[in-house]
Each structure stands twice: as C-alpha cells, then as structure tokens.
Amino acid sequence: MTQDMTDVTRAGNGRPVHHRLRSVTAGFRGWWERRHGHAPPTSDTDARPPLAEGRQAGPSEAVLPGVSGATLMWRMRTTVKDQPGSLAALCTALAELRVDILSLQTHPLAEGTVDEFLLRAPEELSASEIGRAVAESGGTGIWIERGDAHDLVDAPTRILGLATRTALDAAELPLALRQLLGRCTIRSLPATAPGSGRAQESVPVEGALEDTVMRLRAPEGGVITVERPYLPFTPTEFARARALVELDARLGPRIPRSQDVLTLPEGNDITVRRADAGDLRAAKAMHERCSARTLTMRYHGPVGDADRYLKHLLSPRFGRTLAVQTASGRLVGLGHLLWDGDETEIALLVEDEWQRRGIGSELLRRLVEMAAETGCENVYVVTQSSNTGMVAAMRGLELPLDYQIEEGTLVITARLSEVGVVEAVEGRSRG
C-alpha cells in the first residue's frame with residue numbers, strides 16, 4: 001500500500017466508544033438525524049406504480065391465478081377489540097378489497113388484541129385504502145409497510161433460525177433482534193464506560209418494557225436498548241427478545257473459528273480470522289509496537305487512551321473484529337465492524353512495520369463483505385479531510401459514496417443496498 005493508504009488503515013474510529021470523536025463530529029448530528037429518520041420510506045406506505053411492460057414481478061410482487069394484474073405484499077398490524085366477531089369483520093373488509101391474508105399472528109394485550117397480518121393485495125390498491133377499510137371495520141393503531149417473500153416464512157421457523165444464528169456467533173445477537181422486531185434501532189451500552197471505567201445505567205434482570213422502547217440486561221452486565229418509533233412493542237415481542245438474550249447469556253462468549261491463510265505480494269503468509277476478548281493481550285502488545293502517530297491517527301485522542309478501548313472493541317456485543325496475524329502468531333492488524341445504532345462503522349489499525357503491504361485493503365474489503373452479508377445498507381469511515389488515501393480506498397470499492405466534512409473531519413459513507421454488492425466486491429478481490 002502507499003503511505004496514504006497506510007494512514008487510511010488507522011483512521012476509523014468507533015463512535016459508540018470514543019467521546020472525543022463525538023465532540024469532533026457534533027456538527028454532523030443534525031445532518032445525520034435528517035438523513036436517517038425513522039419514518040418509513042414513502043414507497044412503503046402507498047402503492048407502487050404499475051409494472052412496466054416486459055418487467056418481471058419482484059420478490060414482493062406476484063401474479064395470482066384468476067386475478068388480472070400483479071399483486072403486492074404488505075405487512076399490517078392493527079389492534080382489534082377482544083370480543084366475538086371483531087376479527088371476522090376485519091377479514092370481511094379485506095376480502096371485499098380482494099386482499100388475500102397469507103398469515104396471521106396474534107399478540108394478546110390486557111385490553112384487545114394486536115393482530116399482525118401478511119397480506120397480498122392487487123397492485124393498484126394503496127396502503128391508505130387498505131388502512132381505511134381496516135379502520136372502518138373497527139381496527140385501531142394501524143401500521144402498514146411493504147413486505148416481501150422473506151415474510152412468508154412462518155414465525156416459529158424464523159425465530160428458530162435467528163436462535164441458531166445467535167448460538168453460532170455472539171455478534172449476531174443485535175442483528176437477530178433487529179430481524180425479529182422489524183425496523184428498529186438497537187444500541188448496546190456496556191456496564192462501565194470505556195476509558196473512564198465509571199458505572200453506567202443498569203436495568204432489572206427481567207428487563208423493562210415501555211411502549212416503543214424495551215431495555216434488556218445484556219449477558220455481560222450492560223444494557224441493550226431497542227427502540228421502534230410509532231409502533232409499541234407487545235408483551236409477546238418482549239418475551240421473544242428476552243428469550244434470545246437469555247440464550248446468548250447461557251452459551252457464553254463464542255465466535256466462529258474459521259480462518260484464511262493469504263500470501264502477500266512479497267511472499268509472506270498471513271492469517272485472517274475473527275477476534276474477540278481472548279485477543280486482548282495480543283492486541284495490547286501490538287499497541288506497544290505501534291508508533292504514537294499510528295495510534296493517534298486511529299483513536300483520535302491521547303495515546304494513553306488506546307488500550308482502554310480495546311476490551312470494548314473486541315467484544316462481539318458491539319460488532320465484529322477481524323485479526324491479522326503472521327506465520328509466527330504475532331498480531332499485526334485489527335479491523336472492526338462496529339454496530340452504531342442504525343449505522344455501521346469500519347475502523348482499521350495496522351502495525352507500522354506491516355503497513356504498505358495490502359493488509360489494510362484486505363481488511364476493508366472483508367469488512368464491507370461482512371456488512372453486506374448481514375443486511376447493512378450503509379457503512380461509514382471517519383478520517384481526516386487531508387487523507388486522500390482513504391478516499392481512494394473507498395472509491396476502489398466501486399460503491400456509491402457520500403462525503404460529509406466539517407472542521408477537518410471527513411465521514412465517508414458507502415451504500416451497500418445496491419444489488420450484487422457482495423458478489424462485486426468478491427469479484428474484484430479475485431481479479
């Protein structure tokens with residue numbers, strides 16, 4: 001790698017960890033909140049334009065036998081009175097609109113019942129028309145958004161699949177919760193603040209549910225907060241989420257142990273593998289071998305603070321970490337994929353002696369692949385505006401990029417929601 005790229009591999013910084021970076025990037029908050037609002041996209045709340053001639057139906061569209069034109073799938077949730085005939089009236093209203101009920105889940109409440117439907121409706125029927133019919137038949141608290149073929153999996157099968165993912169990899173817990181609960185924001189707060197060691201807020205062992213926010217006791221003693229604007233959680237959803245967290249706690253720390261051996265252009269072999277808290281001592285030893293400039297570029301603060309953040313960064317609760325080690329077993333590079341609420345950050349560090357050998361580029365590519373595979377729509381890196389190497393490295397991914405800069409701090413966001421991102425990245429790595 002060039003010297004510029006070497007600087008790139010040290011520039012990323014975990015916003016959930018480093019309070020100094022929070023102050024540096026405070027100017028981005030207004031933009032960030034506007035850009036990532038919680039309201040559903042407009043395309044999720046009304047009908048899509050008719051299919052163009054020759055275009056095939058997508059995963060949320062279908063053509064039903066005996067029905068002219070395409071159909072769309074919708075996920076709908078509404079509250080009905082807990083009395084005979086309430087659900088029947090709602091189903092009759094949907095039938096009059098030629099809406100097919102593909103599945104139904106019920107969430108009992110103290111008063112009434114929350115019913116969650118997967119619907120297939122004529123394409124020309126808008127969400128507002130469906131909602132109006134449901135309201136006229138007695139439904140309240142109506143929420144409708146676009147569905148797709150993945151929603152056809154029945155709830156028990158989907159929950160068992162999420163439990164399996166969580167059992168194999170502790171880093172999957174936040175992602176499993178998000179898939180379980182739909183569009184929501186998940187944040188993990190450690191029991192003690194990284195760096196200062198001060199105790200932070202706690203939560204009862206049984207957790208707490210307050211309307212659109214649930215708080216769960218994390219297995220390591222911290223707090224997992226799940227928030228879903230406009231759509232209150234039901235006791236059933238709270239129980240499912242708590243069961244996933246309890247499973248994670250019983251299984252203890254775990255990550256997949258697979259590893260890849262790669263040969264650098266100069267001929268040296270390196271191993272890339274997942275890392276966790278068990279690598280803490282080796283990571284601290286790598287810090288001691290790094291120059292002050294390398295650590296400052298990576299952590300955006302005093303060199304003495306670097307070691308304090310390692311335990312947090314290596315925890316699978318806050319993301320995934322890749323480690324690079326030599327044939328002798330020495331750790332020479334770390335790459336972090338950090339869950340930051342709705343966002344996902346990439347941060348990299350390469351030991352001075354091993355810079356300019358392609359390690360940073362390899363870590364960046366792999367972390368982008370991992371983010372895409374977990375369903376992340378965007379990843380971002382934080383660096384300095386003078387670091388042209390980071391811009392070149394991100395542009396080398398050939399993904400759509402957004403740039404935001406203030407007071408010398410540069411945030412580059414790559415959009416991964418394009419079709420075939422993983423395949424494209426993997427293809428470039430083999431080319």
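Analyst: Happy to! Let's begin with Glu 145, which is buried, with a relative accessible area of 9%. Keep in mind that this is a predicted model.

User: Why is Glu 145 called buried?

Analyst: The word buried is used for a relative accessible area under 20%. Glu 145 has 9%, so Glu 145 is buried. Its place is in strand β5, residues 140-146.

User: What makes the pairing of Glu 145 with Arg 75 a polar contact?

Analyst: The N or O atoms must lie within 3.5 Å, and one must be able to donate a hydrogen that the other can accept. For the side chains of Glu 145 and Arg 75 the distance is 2.5 Å. The side chain of Glu 145 also has a polar contact of 2.8 Å with the side chain of Arg 183. Along the chain, Glu 145 and Trp 74 are 71 residues apart, yet their C-alpha atoms are separated by 5.7 Å.

User: How do you know that Tyr 380 is buried?

Analyst: With the cut-off at under 20%, the 1% relative accessible area of Tyr 380 makes this residue buried. Tyr 380 sits in strand β15, residues 378-384. Its side chain makes a polar contact with the side chain of Glu 345, at 3.5 Å, and the rule asks for atoms within 3.5 Å.

User: And what makes Arg 273 count as buried?

Analyst: Arg 273 has 15% relative accessibility, and buried means under 20%, so Arg 273 counts as buried. Arg 273 belongs to strand β11, residues 269-275. A polar contact of 3.0 Å joins its side chain to that of Gln 325. Beyond its neighbours within four places in sequence, Arg 273 is in contact with several residues, including Ser 258, Asp 279, Thr 321 and Leu 331.

User: How many of the residues in the whole protein are buried?

Analyst: Of the 431 residues in the protein, 48% are buried. The protein has 14 helices and 17 strands.

User: Why is Asn 268 called partly exposed?

Analyst: Asn 268 has a relative accessible area of 33%, so Asn 268 is partly exposed. You can find Asn 268 in the loop between β10 (259-263) and β11. Its side chain makes a polar contact of 2.4 Å with the side chain of Glu 266. Not counting residues up to four places away in sequence, Asn 268 touches Leu 262, Thr 263, Trp 354 and Arg 357. Asn 268 and Arg 357 are 89 residues apart in sequence, and 9.8 Å apart in space from C-alpha to C-alpha.

User: What makes Tyr 230 exposed?

Analyst: Exposed means over 50%. Tyr 230 has a relative accessible area of 58%, so Tyr 230 is exposed. Tyr 230 is found in the loop between β9 (223-227) and α8. Its phi is near 75°, a positive value in a residue other than glycine.

User: Now the helices. How do you know that α6 and α8 are roughly parallel?

Analyst: The axes of α6 (residues 155-168) and α8 (residues 235-251) cross at roughly 30° and come within 10 Å. Angles under 35 degrees count as roughly parallel, and therefore α6 and α8 are roughly parallel to each other. Their crossing is right-handed. Among the residues making the contact are Ile 159 and Leu 162 of α6, and Leu 244 and Leu 247 of α8. By class, the contact has seven nonpolar, one polar and two charged residues.

User: What makes α6 roughly antiparallel to α7?

Analyst: Helix α7 (residues 173-181) packs against α6 at about 170°, with the axes 9 Å apart. Angles over 145 count as roughly antiparallel, so α6 is roughly antiparallel to α7. The contact includes Arg 158 and Ile 159 of α6, together with Leu 173 and Leu 175 of α7. By class, the contact of α6 with α7 has six nonpolar, two polar and two charged residues.

Conventions: Residues are numbered from 1 along each chain as its sequence is written. This is a predicted model: local features need pLDDT of at least 70, side-chain atom pairs count only at pLDDT 80 or more; totals for chains, interfaces and linings use all residues. Side-chain values use heavy atoms; hydrogens and water are left out. Helices (H or I, at least four residues) and strands (E, at least two) are DSSP runs, numbered from the N terminus. Buried means under 20% relative accessible area, exposed over 50%, partly exposed in between (1.4 Å probe, protein chains only). Contact means heavy atoms within 4.5 Å. Axes are lines fitted to C-alpha atoms, for helices over the stretch in contact, and angles run from 0 to 180 degrees between N-to-C directions. Angles under 35 degrees count as roughly parallel, over 145 as roughly antiparallel, 65 to 115 as roughly perpendicular and the rest as oblique. A crossing is left-handed if the near helix is turned anticlockwise from the far one by less than a right angle, and right-handed if clockwise. Ala, Val, Leu, Ile, Met, Phe, Trp, Tyr, Cys and Pro count as nonpolar, Asp, Glu, Lys and Arg as charged, and the others, Gly among them, as polar.
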